[in-house]
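Please look over the sequence and the model below before reading the notes. They are written for someone meeting this structure for the first time.

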Amino acid sequence: PVVGFAFDPDRVKTQIAAVTNVAEQYRKGLEHGVLDPEKSLPEFIKQLKSAGLDRIIAEKQRQIDEWKAIQ
């Protein structure tokens, strides 16, 4: 339903960088089983939200809604 949509990250560049850093911090430990998912996943999600994940999602949704309105 969004074929042809292109996300413009300009408004959330800082948040994208912060979320990327958090993801990198947890990625290897979670992928390789070094971190306990029961403890680490809630911590990871909290850090992603603190880094601005919800703002990125909201901006992307805003752009999709705007794009759909003119299609």
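This is a predicted model: local features need pLDDT of at least 70, side-chain atom pairs count only at pLDDT 80 or more; totals for chains, interfaces and linings use all residues.

Residues are numbered from 1 along each chain as its sequence is written, and side-chain values use heavy atoms, with hydrogens and water left out. Helices are DSSP runs of H or I with at least four residues, numbered from the N terminus.

**Packing of H1 and H2**

- Helix H1, residues 13-31, packs with helix H2, residues 37-51, at an angle of about 170 degrees, and their axes are 8 Å apart; the axes are lines fitted to C-alpha atoms over the stretch in contact, and angles run from 0 to 180 degrees between N-to-C directions.
- That angle makes H1 roughly antiparallel to H2, a term used for angles over 145 degrees.
- On the H1 side the contact (heavy atoms within 4.5 Å) is made by Gln15, Ala18, Val19, Val22, Ala23, Tyr26 and Leu30, which meet Pro37, Ser40, Leu41, Glu43, Phe44, Gln47, Leu48 and Ala51 in H2.
- The residues of this contact divide into 11 nonpolar, 3 polar and 1 charged, where Ala, Val, Leu, Ile, Met, Phe, Trp, Tyr, Cys and Pro count as nonpolar, Asp, Glu, Lys and Arg as charged, and the others, Gly among them, as polar.

**Helix H1 by itself**

- At 1.5 Å a residue, the 19 residues of H1 should span 27 Å, which agrees with the 26 Å between its end C-alpha atoms; the expected span is 1.5 Å times one less than the number of residues.
- H1 bends by about 30 degrees at Gln25, the bend being the angle between axes fitted to the seven residues ending there and the seven starting there.
- The buried residues of H1 are Gln15, Val19, Val22, Tyr26 and Gly29, buried meaning under 20% relative accessible area with a 1.4 Å probe and protein chains only, and they pack against H2 and helix H3 (53-69).
- After H1 comes Gly33, whose phi is positive, near 75 degrees.

- Ser40 lies in H2 and counts as buried because its relative accessibility is 6%.
- Leaving aside neighbours within four places in sequence, Ser40 is in contact with Tyr26, Leu30 and Leu35.
- Glu59 lies in H3 and, at 9% relative accessibility, also counts as buried.
- Not counting residues up to four places away in sequence, Glu59 touches Phe7, Arg11 and Val12.
- Glu59 and Val19 are 40 residues apart in sequence and 14 Å apart in space, C-alpha to C-alpha.

Definitions and conventions
Helices (H or I, at least four residues) and strands (E, at least two) are DSSP runs, numbered from the N terminus. Angles under 35 degrees count as roughly parallel, over 145 as roughly antiparallel, 65 to 115 as roughly perpendicular and the rest as oblique. Buried means under 20% relative accessible area, exposed over 50%, partly exposed in between (1.4 Å probe, protein chains only).
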